Amino acid sequence: MRVRIDRGSGVPESEQLRRKVAGLIERGTLGPGERLPTVRALAEQLGLAVNTVAKAYRELEVAGSLVARGRLGTFVADTLPTPPPAAEALLAEAAEIFARRARQLGFERSEALEHARRALGAR
């Protein structure tokens with residue numbers, strides 16, 4: 001996970017991290033069920049205090065964006081509590097990319113739709 005913290009911004013580091021992780025989730029860069037680095041690993045990577053990272057993770061968990069699974073780690077929630085404001089536009093963009101790629105690979109419409117249904121878990 002690539003995140004940069006601006007130590008001179010005046011915004012608390014935990015809040016910067018919370019916003020950046022939330023943004024990665026909203027844009028789909030961090031997908032549903034994806035495991036995040038441990039608190040200690042991310043703190044070390046970013047040069048932050050462990051409590052700073054723990055606070056950001058905890059706030060994202062309370063908001064419903066992350067799920068802590070004990071020793072297994074912290075994961076992106078399978079379903080976001082509320083869709084981000086630009087969710088429709090982001091989904092339309094992803095669908096357009098999928099459609100272009102399916103055409104590029106030579107799939108018929110019905111075949112592409114079947115793959116999409118499977119990916120969504122619906123038959």
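Hi everyone, let's begin with a glycine: just after α3, Gly-64 takes a positive phi of about 95°. When I say helix or strand, I mean DSSP runs, H or I of at least four residues for helices and E of at least two for strands, numbered from the N terminus.

Some housekeeping. This is a predicted model, where local features need pLDDT of at least 70 and side-chain atom pairs count only at pLDDT 80 or more, while totals for chains, interfaces and linings use all residues. Residues are numbered from 1 along each chain as its sequence is written, and side-chain values use heavy atoms, with hydrogens and water left out.

Now the overall picture. The protein has 5 helices and 2 strands, and along the sequence they follow the pattern α-α-α-β-β-α-α. The radius of gyration is 18 Å, well over the 14 Å that the globule rule gives for 123 residues, so the protein is more spread out than a compact globule. That radius is taken over C-alpha atoms, and the rule is 2.2 Å times the number of residues to the power 0.38. The C-alpha atoms fill a box of roughly 50 × 30 × 25 Å along the principal axes. Of the 123 residues, 28% count as buried, meaning under 20% relative accessible area with a 1.4 Å probe, protein chains only.

Back to α3, residues 50-62. Its 13 residues reach 18 Å from first C-alpha to last, close to the 18 Å expected at 1.5 Å a residue; the expected span is 1.5 Å times one less than the number of residues. Which residues of α3 are buried? They are Thr-52, Val-53, Ala-54, Ala-56, Tyr-57 and Leu-60. As a reminder, an α-helix has 3.6 residues a turn, so residues three or four places apart point the same way. The cover over the buried residues of α3 includes α1 (13-27), α2 (39-46), β1 (66-68) and β2 (74-76).

Let me stop at β2, where we find Thr-74. Thr-74 is buried, with a relative accessible area of 16%. Leaving out residues up to four places away in sequence, Thr-74 touches Glu-34, Arg-35, Leu-36, Tyr-57, Leu-66, Val-67 and Ala-68, where contact means heavy atoms within 4.5 Å. Tyr-57, you'll recall, is one of the buried residues of α3.

Thanks, everyone, and over to you!

Definitions and conventions
Buried < 20%, exposed > 50% of the residue type's maximum accessible area, 1.4 Å probe, protein only.
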